Amino acid sequence: MMTFASGLVGQLVRIYLVNMTEFDLLNSIHLHGMFFNVFRTGTSLKTDEVTDTLMLCQGERAILETTFRYPGEFMFHAHQSEFAELGWMGIIKGIAPVNA
């Protein structure tokens, strides 16, 4: 499985997400092992939407923010099984900071 993003434990990770599928009106992302804040495009600089699964309509965008609490590999995937079966999944990696 491919690693798509990484970040240091304790530091903010920001993911810019766009649903670019032409053949399906809805798509989702589910992140294992952590929750993320959702900033929907054109809404606000603050959010009260915290989740581990996000649905996006066709052409919809969002910014996801999370912080790794511990090191490791965390899988993400679509919640529609037909997309996951086609390979719509990957890894984001939390990296332990090097102690000086």
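1. The largest pocket in this predicted model has a volume of about 260 Å³. Its lining counts 14 residues. Closest to the pocket's centre are Phe-4, Ile-15, Leu-17, Ile-29 and Phe-76.

2. Which strands each supply at least two residues of that lining? They are β1 (3-8), β2 (12-18), β3 (26-31) and β9 (89-95). β2 gives the most, with 3 residues.

3. A run in its lining goes Leu-17, Val-18, Asn-19, Met-20 and Thr-21. Asn-27, Ser-28 and Ile-29 also line the second largest pocket, as do Leu-54, Leu-56 and Trp-88.

4. For the second largest pocket, β2, β3 and β6 (53-57) each supply at least two lining residues. Which strand gives the most here? It is β3, with 3 residues.

5. How does the lining of the second largest pocket divide by class? There are 7 nonpolar and 4 polar residues.

6. A note on Leu-17 and Ile-29. Both are among the residues closest to the centre of the largest pocket. Both also line the second largest pocket.

Conventions: Residues are numbered from 1 along each chain as its sequence is written. This is a predicted model: local features need pLDDT of at least 70, side-chain atom pairs count only at pLDDT 80 or more; totals for chains, interfaces and linings use all residues. Side-chain values use heavy atoms; hydrogens and water are left out. On a 1 Å grid over the protein atoms alone, a cavity is a set of points where a 1.4 Å probe fits but cannot get out, and a pocket is an open set with protein on both sides within 12 Å along at least five of seven lines; lining residues have an atom within 4 Å of a point. Grid points are joined across faces, edges and corners, and a volume is the space filled by probe spheres set on the points. Helices (H or I, at least four residues) and strands (E, at least two) are DSSP runs, numbered from the N terminus. Ala, Val, Leu, Ile, Met, Phe, Trp, Tyr, Cys and Pro count as nonpolar, Asp, Glu, Lys and Arg as charged, and the others, Gly among them, as polar.
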